[in-house]
Amino acid sequence: VPHEFCLADGTFVTRFVREGRLGEQLHHPRIVRILEAGEAGGRPYLAMELIEGRTLKQVLRERGALPPGEALLVVRDVAEALDYAHAKGVVHRDLKPDNIMVLPSGEVRVMDFGIARLAGQEALTDSALFLGTPLYAAPEMVDPRAVDHRVDLYALGIILFELLQGDVPFRADSPP
């Protein structure tokens, strides 16, 4: 379920459910499935596949930078998931280590396509609500009309940097 402050936007619930249903259409071994998107008692929700594992962010906190070969395998697997989603016209828009699961087997899966959007699709509102995480957000995320698959590739580049160096290349407390 989204944070309470997000529900103040009059069209947020409609957008959240619509974009969650978009995620229901993604069936790839590197993507955590959204099983259902809906609304109950006026509050939107996403029901996702339950998987065992840790987020890539947790792995980074525990281990620090990864060896280059291991980092490249992670990025390759995420790139496969993105390639599939992008081929269907779906842009993740919030790719970050917190949204990448590492299973006990070492498999990697991308999750939280909850704010995904079809490339070129108009938003329901020109709300000033920034969706995404500033540390991984491409500069064009400030204007949602400019968002396409390249914002995910930008975020993947930041993730690769973090995997190799143990930290992001720059810090910001607000969107770019």
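This is a predicted model: local features need pLDDT of at least 70, side-chain atom pairs count only at pLDDT 80 or more; totals for chains, interfaces and linings use all residues.

Me: How do you know what share of the contacts joins residues 24 or more positions apart?

Reply: Contact requires heavy atoms within 4.5 Å. Among contacts with a separation of 6 or more, 66% are between residues 24 or more positions apart.

Me: Why is Glu162 called buried?

Reply: The term applies under 20% relative accessible area. Glu162 has 3%, and is therefore buried. This residue belongs to helix H4, residues 150-165. Leaving aside residues up to four places away in sequence, Glu162 touches Lys57, Leu60, Pro97, Tyr136, Asp167 and Val168.

Me: What makes Ala155 a buried residue, and which residues does Ala155 touch?

Reply: Its relative accessibility is 2%, against a limit of 20%, so Ala155 counts as buried. Ala155 also lies in helix H4. With residues up to four places away in sequence left out, Ala155 touches Leu95 and Tyr136. The C-alpha atoms of Ala155 and Arg93 are 8.7 Å apart, although 62 residues separate the two in sequence.

Me: How do you know that the span of H1 is close to what is expected?

Reply: Helix H1, residues 12-24, reaches 18 Å from its first C-alpha to its last. The expected value at 1.5 Å a residue is 18 Å, and the span is close to it.

Me: What makes a set of residues the largest nonpolar core, and which members touch the most others?

Reply: The largest core has 30 residues, and Leu56, Val78, Leu95, Phe113 and Leu163 touch the most other members. Elements giving two or more residues to this core include helix H2 (56-63), helix H3 (68-87) and H4. The largest share, seven residues, comes from H3. Apart from this core lies another, of six residues, including Ala137 and Val151.

Me: Which residues does Phe113 touch beyond those up to four places away in sequence?

Reply: Phe113 touches Glu19, Leu26, Ile31, Ile34, Ala85, Val90 and His92.

Me: Why are strands S1 and S2 called a pair?

Reply: Pairing requires at least two bridges, and S1 (residues 34-40) and S2 (residues 43-48) share six, so they pair; the sense is antiparallel. Ala37 stands opposite Leu46 in S2. Two residues lie between the strands of this hairpin, in which Gly41 takes a positive phi near 60 degrees.

Me: What makes S3 and S6 the edges of their sheet?

Reply: The open sheet of three strands has the order S3-S5-S6, with antiparallel pairing. S3 (54-55) and S6 each have a single partner strand, so one side of each is left without a neighbour in the sheet. S3 and S5 pair over two bridges, and the bridge partner of Arg54 in S5 is Val102. H3 lies across S5 and S6, at about 40 degrees to S6.

Me: What is noted about phi of Arg93, and why is Arg93 called buried?

Reply: Phi of Arg93 is near 75 degrees, a positive value in a residue other than glycine. Arg93 is placed in the loop between strand S4 (90-91) and S5. Its relative accessible area is 9%, under the 20% limit, so Arg93 is buried.

Me: Why does Val91 count as buried?

Reply: Val91 has 2% relative accessibility, under 20%, and therefore counts as buried. Val91 is in strand S4. Its C-alpha atom is separated by 8.1 Å from that of Val147, a residue 56 residues apart along the chain.

Note on methods: Residues are numbered from 1 along each chain as its sequence is written. Side-chain values use heavy atoms; hydrogens and water are left out. Helices (H or I, at least four residues) and strands (E, at least two) are DSSP runs, numbered from the N terminus. Buried means under 20% relative accessible area, exposed over 50%, partly exposed in between (1.4 Å probe, protein chains only). A nonpolar core is a set of buried Ala, Val, Leu, Ile, Met, Phe, Trp, Tyr and Cys residues joined through side-chain atoms within 4.5 Å. The expected span of a helix is 1.5 Å times one less than its number of residues. Axes are lines fitted to C-alpha atoms, for helices over the stretch in contact, and angles run from 0 to 180 degrees between N-to-C directions.
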